Amino acid sequence: MNPEDALRSDIHQALDPIAGSTPELLPRIVQRLRPVSRRRSYFAVGQVAAVLGILIVGAVVFSMHRSRVTPATVTTSPTAPIVAGPGADIAWVTSQQASGGAYTGDLITGIDPSGHVVGRINARDELRSPDGSHLYALADGGIDVYSAVDGHKEQTIRLQSVSFGQPMLSVDGRYLAVVGNSPSTLQLVDLVAGRSLASTSLGVPAYGVPLIIGVQAQHVYVVGATTTKFAFDGTSLRPEQRTTGQTIACNGLVVGGPNSAGGLPFRVLADGRTLVAFCPGDGRVTWFDLVSMTVIHEVAVSQRNPFWVSPVFSADGNTLYLHEGGTGALHVIDLVHQKIVKSTKVATADTNPLAWLRSLLVTDAYAGGIDRTAAVSPDGTWLYAIGDFGAPGGVSLVHLPDLAVKGRWLPDVSFNSVWVSANGRTIYLLGNGDELRVLRADGSEVAKLSLPANTFGFIVPTIP
């Protein structure tokens with residue numbers, strides 16, 4: 001049994017025979033989870049911590065205004081559309097490495113659209129640039145920058161050393177921020193200049209805080225139990241404002257944590273001031289105003305279990321697709337008009353005819369992170385949805401204009417993660433047994449290859 005399956009087994013055993021609604025599950029999980037000694041994306045401690053209530057979102061947004069007074073708007077959208085860079089059609093997949101049962105890092109493998117391995121990287125805490133051309137990873141006292149074409153290291157940018165650090169990129173890919181513990185700091189890096197710009201103490205534990213950074217790098221919002229705005233004046237970061245009311249929390253959790261990188265569960269809308277966040281604990285979608293720093297609206301979708309729903313944003317950021325891999329349910333959220341516009345079912349799941357009986361006795365909760373069970377084509381026409389947890393069903397082809405299922409690929413095969421290349425011509429599917437399949441957009445199979453043990457997901461372009 002690989003560590004991923006072992007983690008799921010631990011979660012399920014901790015819950016059995018606990019039953020109840022999603023809100024009732026979280027405090028019971030706290031009492032019964034056994035220690036976990038391995039790490040997944042942003043290490044397994046962070047994954048279990050998500051269920052224990054340490055799931056934290058850091059949302060970092062910078063204003064284009066140069067005034068030090070709170071602006072009327074906060075612009076985070078890039079000045080020009082993101083154009084795919086070299087290597088953007090190459091899939092990079094992460095596999096855990098361990099020695100003596102202890103996590104030792106990740107092995108990242110690059111596979112091109114023909115199914116050939118183009119490079120391998122040993123790293124940890126990885127991110128991919130919005131244009132897909134670079135990979136970034138935390139190193140001892142710095143950030144390593146790699147080419148997404150073949151994985152060669154281009155440079156290392158020195159930083160203040162922290163333990164349990166976590167990086168995030170700006171929407172235009174120019175800036176990178178890192179938060180970390182021991183000491184608890186926020187650091188800002190200019191990737192074009194290749195140097196650190198500023199750092200500041202957060203004064204609170206910063207483990208698991210993901211970030212969103214705006215284009216101009218002039219304001220930073222760290223969103224947690226209290227939301228703090230930091231101003232950046234070109235040389236230093238200083239706290240400027242804190243919330244005193246409602247924030248983006250759910251059942252004692254805060255949106256984000258180890259489920260954030262790549263498939264970020266939050267996005268800043270085109271108006272530059274509205275942060276939309278999805279809570280994987282209870283299925284809630286929250287709209288947060290970054291100027292007034294208050295929650296302005298919430299809706300909730302039904303979900304069978306916590307951490308089953310995969311959030312996928314449309315390319316323009318106006319629509320959120322919430323796909324539940326365990327059941328095949330799909331919810332479509334209009335982010336501009338702040339409402340659920342459609343709920344349907346697009347993938348087969350629960351193929352065991354007795355699954356309904358077990359569901360009456362035990363409510364499963366998967367706390368190891370959110371699998372990418374759905375991916376949207378770059379032109380916004382198709383959604384590729386897969387089942388999860390070993391259920392066969394292949395890939396459902398959902399035509400987004402009418403949300404109709406137009407076909408299925410490989411219906412007898414089980415997959416757990418999907419990604420579409422930047423040009424939309426290649427679909428990568430990660431299946432059980434650390435197997436990767438490469439398909440063309442017409443469904444024809446290009447290649448099937450085995451990956452290193454404990455492969456768990458794609459490193460996709462990071463677009464806050």
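**Close-up views of a predicted model**

**Overview: the whole protein.** Of the 464 residues here, 59% are buried (under 20% relative accessible area with a 1.4 Å probe, protein chains only). This is a predicted model, where local features need pLDDT of at least 70 and side-chain atom pairs count only at pLDDT 80 or more, while totals for chains, interfaces and linings use all residues. Residues are numbered from 1 along each chain as its sequence is written, and side-chain values use heavy atoms, with hydrogens and water left out. You'll find four helices and 33 strands (DSSP runs numbered from the N terminus: H or I with at least four residues for helices, E with at least two for strands).

**View 1: the largest nonpolar core.** This core (buried Ala, Val, Leu, Ile, Met, Phe, Trp, Tyr and Cys joined through side-chain atoms within 4.5 Å) holds 15 residues, and Tyr-175, Leu-186 and Phe-232 are among those with the most contacts inside it. Strands β9 (175-181), β10 (185-190), β11 (195-201), β12 (219-222) and β13 (228-232) each give two or more residues. β9 supplies the largest share, three residues.

**View 2: around Leu-237.** Leave aside residues up to four places away in sequence, and Leu-237 touches Leu-186, Ala-198, Ser-199, Thr-200, Val-220, Phe-230, Ala-231 and Phe-232 (contact means heavy atoms within 4.5 Å).

View 3: Strands β2 (residues 102-111) and β3 (residues 117-123) run antiparallel, joined by six bridges (pairing takes at least two DSSP bridges). Thr-109 has Arg-120 in β3 as its bridge partner. Five residues lie between the two strands, and Gly-115 in the turn has a positive phi of about 90°.

Terms used: Buried < 20%, exposed > 50% of the residue type's maximum accessible area, 1.4 Å probe, protein only.
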